[in-house]
Amino acid sequence: MMDKKRIHEEGLLEKYLLDELSENDRIFVEKAIADDVDLKQQFIQLEADFEKMAFENAIVPDPRVKTMLQKRLEEPKKLIYYRTPLMIAAGLALLFMLTTFLMYNRWQESQERLNLLQTQTNSLQERLVVLEENYQTTNERLQLINAPSTVPFLLKGQVLDQDARAVAYVNHQNKLVVVNPKGLPQLPEDQTYQMWGDVDGEMISMGLLPTDKDLVMLKYIDKAESLNITIEPAGGNDHPTVEKLVSYVTM
C-alpha cells in the first residue's frame, strides 16, 4: 500500500512513461505494476491516454515534403549534382590562392625596384648638389680672377726647379687669394707644396697647394710683402723649410 501511495503522490507512473526516472525508481515502478493488478490497469489506461493525446496534437507534415524525399531517394544520381558546386568552389579557392601568391610576388618585385630607383635618385641628387657647389665655387673664383681689383703674380721656379710655375691672384680689396698650382711638378706622396706670406720677416702659412686642382683658395695675409712656396712634409709644416724654397715673388 505504501508503494502504491508513493507512486500516486509522486506521479511516478507519468514519469515512467516520459522516461524521467532514475534506474532505482524505474525498477521500483516496474515491480509495483507487475505485483498490483489495479496499478497495472492504471498504467495501461495512462499509456493509452498519452498515446491518444500525442496523436491529437501531432502536426501533419506537408505532403510535398514526403514527395520530395521519395523523389530524391529514387534518384541517387542527383548526389553528384551536389558535388559539382563543391568542386567549383574548391577550384575557385585554389585559383584565388594562386592569384594572390602571384600578385604578392609581383608586389615584392615592384617594391624592390622602387627601393632601387629611390636609392639611385638619392645618389643623383647628392651628386647634383656637389656639382652645383663645385660650379658655384669655381664661378666665384673665376669672378675673383677677372675682377679689376685682382692682381696676378707669377711665381717662377728659381732654386730647386726653374721650370716650376704657379700663378697667385690676390685681391686686397676683398682680402682673397686664389692660386693655380698646375704648373708645379708632381711631388712624392710624403711631400707637399706650401705657400707662405712674409710679414716683416716672419713667414706665415697661407695653406697647402695640391697640384691636382686647378684653383686653390688660400688664406689672405694682410701686409704680406712677398709670397713664397716651399716643399714640406705631407700635411704641411709650422715653419717653412728654407732650403726647399721653390719660388717667391715680391708684392
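Biologist: How does the lining of the largest cavity divide by class?

Modeller: This is a predicted model, in which local features need pLDDT of at least 70, side-chain atom pairs count only at pLDDT 80 or more, and totals for chains, interfaces and linings use all residues. Residues are numbered from 1 along each chain as its sequence is written, and side-chain values use heavy atoms, without hydrogens and water. The lining includes V170, H172 and M251. With Ala, Val, Leu, Ile, Met, Phe, Trp, Tyr, Cys and Pro counted as nonpolar, Asp, Glu, Lys and Arg as charged and the others, Gly among them, as polar, the lining has eight nonpolar, one polar and no charged residues.

Biologist: Is L218 buried or exposed?

Modeller: L218 lies in strand 6 (residues 216-218); strands are DSSP runs of E, at least two residues, and helices runs of H or I, at least four, numbered from the N terminus. Buried means under 20% relative accessible area, exposed over 50%, and partly exposed in between, with a 1.4 Å probe and protein chains only. Because its relative accessibility is 7%, L218 counts as buried.

Biologist: Which residues of helix 3 and helix 4 make the contact?

Modeller: Helix 3 (residues 23-35) and helix 4 (residues 37-56) pack at an angle of about 115°, with axes 5 Å apart. Axes are lines fitted to C-alpha atoms over the stretch in contact, and angles run from 0 to 180 degrees between N-to-C directions. Taking contact as heavy atoms within 4.5 Å, the residues are A32, I33 and D35 of helix 3 and V37, L39, K40 and F43 of helix 4.

Technical notes:
On a 1 Å grid over the protein atoms alone, a cavity is a set of points where a 1.4 Å probe fits but cannot get out, and a pocket is an open set with protein on both sides within 12 Å along at least five of seven lines; lining residues have an atom within 4 Å of a point.
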